[in-house]
Amino acid sequence: YPAYTGRKAEKLNSTGQISCPEGTAIQWQITAKNTESAVLNTTLIKPNSQGQLTINQRATQNGEYTLKLKNRLGYSKDTVRLIVNVVPDAAPNIQVQATEDSSKLLQYYFIGTAGDDYKVQRVNFVYSYSQGEVKNKKGSISVPLSINAGNEVSFVHSLNLGAIGLLPGEEIKYYLEAWDNNGIRGPQVTRTIPQTLRRKTA
């Protein structure tokens, strides 16, 4: 299996159909008696001295293959069907709840979880000032959150509107994002719906 999945190699006996993550290295080993050669779809394969056929593939998409065996009398009437079902890496998921601290002025907490079929690699809190023309308040600011990377993670982030320089009447837009560790197509990201926080004028 691809290294990023953390799954160990497996040996499956007597199966012509497998389901596996994209990028898995597959080796079919088929023992065929009295066989001089074989054709996998259109590819010619020769058995070794023990009569074993070895087929190596990289799982990139679903596929169905037909293996025909041949000896000095011709092709066998029996065929072997090999089926590969590729399971794509799903994007991560993330949920968060924002809470205002009633005992501390301008203080907010963001408590949530993120999950992935293999590993959530990082979670960021991203915000931008709505008054983008104000000096030193342009662009988006991404704050990495402290997590223990895994397939299920939890996080807590605190934000004080005064500490980030937000003046009365100003507001920020924010979202949180979770990134996975997809090692085949590159990390995938899922973002929460953007929300707004406004500092009250009084």
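Which residue in β7 is the bridge partner of threonine 66? In β7, that partner is arginine 81. The description below concerns a predicted model, in which local features need pLDDT of at least 70, side-chain atom pairs count only at pLDDT 80 or more, and totals for chains, interfaces and linings use all residues. Residues are numbered from 1 along each chain as its sequence is written, and side-chain values use heavy atoms, with hydrogens and water left out.

Strands were taken as DSSP runs of E of at least two residues, numbered from the N terminus, and two strands were counted as paired if DSSP finds at least two bridges between them.

Glutamine 17 is placed opposite isoleucine 83 of β7. The pairing of β7 with β6 is antiparallel and comprises eight bridges, and a hairpin of two residues joins β6 to β7. Strand β6 (residues 63-71) also runs antiparallel to β3 (residues 37-40), to which four bridges join it. Leucine 40 stands opposite leucine 67 in β6. In a regular strand, side chains alternate between the two faces of the sheet.

Nonpolar cores were defined as sets of buried Ala, Val, Leu, Ile, Met, Phe, Trp, Tyr and Cys residues joined through side-chain atoms within 4.5 Å. Buried means under 20% relative accessible area, exposed over 50%, and partly exposed in between (1.4 Å probe, protein chains only). The largest core has 23 residues, and those with the most contacts inside it include Val123, Phe125, Leu159 and Leu161. Two or more residues each come from β9 (107-129), β11 (150-160) and β12 (171-180). The most are given by β9, with eight residues. Leucine 161 touches Leu106, Tyr108, Leu166, Ile172, Leu197, Arg198 and Arg199, not counting residues up to four places away in sequence; contact here means heavy atoms within 4.5 Å. Another core, of 17 residues, lies apart from the largest one and has Ile30, Leu67, Leu69 and Val84 among its members.

The whole structure holds six aromatic pairs. Rings of Phe, Tyr and Trp (its six-membered ring) pair if their centres lie within 6.5 Å, and planes under 30 degrees apart count as stacked, over 60 as edge-to-face and the rest as tilted. Phenylalanine 110 and phenylalanine 125 form a tilted pair, 4.9 Å centre to centre with 45 degrees between the planes, and both residues are buried. Tyrosine 127 and tyrosine 129 form an edge-to-face pair, at 5.9 Å and 75 degrees. The relative accessible area is 8% for tyrosine 127, which is buried, and 11% for tyrosine 129, also buried.

Arginine 7 lies over the face of tyrosine 1, at 4.1 Å from the ring centre. For arginine 122, the charged end sits over the ring of tryptophan 179, 4.3 Å from its centre.

Conventions. A charge sits over a ring if NZ of Lys or CZ of Arg is within 6 Å of the ring centre and within 35 degrees of the ring normal.
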